[in-house]
Amino acid sequence: MSDYPVFAVVGHPNKGKSSVVAALTQNDQVKISPVSGTTRVSQRFALRLDNRTVFELVDTPGFQRANQCLAWLNEEPVSADQRPVRVNAFLQAFSGQRRFIDEVELLTPIMQGAGIIYVIDGSLPYSPEYETEMEILRWTGSPRLALINPIGGDLYVEQWQQALNQYFSLVRVFDPLHASFDQHLQLLRTFGQLDTQKTALFDDAIEELEHYRQLKLQQAARIIVETLHGLITFQQSSSPFEQLARDQLTAILPDEVSRFNQKLNQMERDGQQQLEALFLYHHLEPEIARLEVHQTELMDLSQWSFWGLDKKQLVLVSAGAGAALGLLADAGLGGASLMTGAVSGGVIGGLSGWFGLDWLKDKLPAWMPFNKETHLLGPVSDPNFSFVVLGRALSHARAMLVRSHADQNKLAINPEQANAMQSLALKEQVRLLKQCRQLQNDGLQGKAAEKLRAWVYGQLVDRGRG
Ligand SMILES: Nc1nc2c(ncn2[C@@H]2O[C@H](COP(=O)(O)OP(=O)(O)O)[C@@H](O)[C@H]2O)c(=O)[nH]1
Ligand SMILES: [Mg+2]
């Protein structure tokens, strides 16, 4: 026997057994299908925390020949205390044979000690044909919980409750596709009630699950801020530019901008995938429009501010040695801010190549590194960009937090959600914008990063609860 509880999830085909298993074990690899008979052999799925199994659910094929099975059990007169023995005799008689292949498959784990979770569809009326299955399950003598899955609504839930109460010690409504995190925990508490020896075990597991969720949300906030930082500081090196005359620049610029955008989207997706892995999703396809930054936000040709310099500055540099020297002299003295704020060392390298100012190298003040790499594009200057990135990341994270692992649909992220940043109070927006700007300058170790992580965590913490 295992030292953790095992439950066999049983019932008619197509009532959401596999969905229940996927949702409760947070495993999107469980096979769920509208085609009945998809699950042919029992499969075990564990919920694991910290490398320890909390419980295991057995996904079973569902009853196919309940009537014949019960008829066989009844062929001999059996007193109530001998019924489990009789069920074992059934397993012995038919294991390895085709005739009761599904019944053997689903009864085996139960007779090995698994508790029973019986799943029915609460949107279809009750009918006595289910009594055969329920009777067989009663014969096993195992602790039994019935779950009413309101697949297409809860029209017949009460009717079902009346019937189920007679066969099961506990009856609960549970929607594997929409149950919140709290409803999951409630159900686990119910599991604990099914077997009084396991109550404490489940109480512990619930506490741990809550703790884990906090940790994961903190981790999620870290990932989101890290991705944000990557996106708002991203610069694209374009060394071919150095060799090109300016008239050719315009020709290849669109390609460079689209390469920049491609990279932004890659970085964003990478962050999303880290988050999806954190919440144990393996093949989500989020449906969200591409992130798109336009050329004018990256460099403004018409304004001549290729390098973060305005026209006047560029003219100064390109005017020739004397003017550039003068500028640098200025930079060393009063004009330092002009050079530090707008121009990076790499840019100077690029400028020198472009304007034939290689001699600049020797004249640069020590604090200004000279290298040949040029950063032609980025970072995105529009402060709104931070909001766009944050809004999209939050929408993606929230959509996942309320999602069930039984959900087979694409992860839909509606654009209004993505715009949620715009509905924040103005004061909050201003504060966030400042923090994003600081994040850009101070990086992930700075105070702003810490504040942003706390803010993101606050935005996530109540999602998927209640
Ligand atoms: N709308 C809805 N569909 C569900 C729900 N539970 C299961 N389904 C669908 O019903 C079909 C059968 O589900 P599955 O879990 O494979 O049932 P099983 O045969 O009992 O294991 C799948 O297409 C599921 O997506 C539910 O609560 N709501
Ligand atoms: Mg199934």
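**Ligand 1 and its surroundings**

Reply: Start with D175. In this predicted model, a polar side-chain atom of D175 is 3.1 Å from an oxygen atom of ligand 1.

Me: What makes the pair between D175 and ligand 1 a polar contact?

Reply: The cut-off is 3.5 Å between N or O atoms. The D175 pair, at 3.1 Å, falls within 3.5 Å, so it counts.

Me: Which backbone atoms lie at polar-contact distance from ligand 1?

Reply: Take K15 and I151. A polar backbone atom of K15 is 3.0 Å from a ligand oxygen. For I151, a polar backbone atom lies 3.4 Å from a ligand nitrogen. Both distances are within 3.5 Å, so both pairs qualify.

Me: How much of the accessible area of ligand 1 does the protein cover?

Reply: On its own, ligand 1 has 570 Å² of accessible area, and the protein covers 81% of that.

Me: Which residues come nearest to ligand 1, and which helix gives the most to its shell?

Reply: There are 16 residues around the ligand, and N14, K17, S18, S19 and N149 come nearest. Helix 1, residues 17-24, gives the most, with three residues. By class, the shell has six nonpolar, seven polar and three charged residues.

**Helix 5 and the chain**

Me: Why is helix 5 called largely enclosed?

Reply: Buried means under 20% relative accessible area. Nine of the 12 residues in helix 5, residues 129-140, are buried, so the rest of the structure largely encloses this helix. Among them are Y130, E133, W139 and T140. Just after helix 5, G141 has a positive phi of about 75°.

Me: How many helices and strands does the chain have, and what share of its residues is buried?

Reply: The protein chain has 20 helices and 10 strands. Buried residues make up 49% of its 466 residues.

Me: What share of the contacts joins residues 24 or more positions apart?

Reply: Such pairs account for 73% of the contacts with a separation of 6 or more.

**Confidence**

Me: How confident is the predictor in this chain?

Reply: The mean pLDDT is 81 on a scale from 0 to 100. Of the residues, 77% reach 70 or more. Over residues 300-357, pLDDT is below 50; beyond near neighbours in sequence, that stretch has 91 contacts in the model. Residues 365-374 are also below 50, with 32 contacts beyond near neighbours in sequence.

Methods:
Residues numbered from 1 in each chain as written. Chains lettered and ligands numbered in written order. Predicted model: local features only at pLDDT ≥ 70, side-chain atom pairs only at ≥ 80, totals over all residues. Heavy atoms only, no water. Near = heavy atom within 4 Å. Polar contact = N/O pair within 3.5 Å; in protein donor to acceptor, adjacent residues only side chain to side chain. Areas by Shrake-Rupley, 256 points an atom, 1.4 Å probe, with all protein chains shown as cover. Helix = DSSP H or I, 4+ residues; strand = E, 2+ residues; numbered from the N terminus. Nonpolar A, V, L, I, M, F, W, Y, C, P; charged D, E, K, R; others polar. Contact = heavy atoms within 4.5 Å. Buried < 20%, exposed > 50% of the residue type's maximum accessible area, 1.4 Å probe, protein only.
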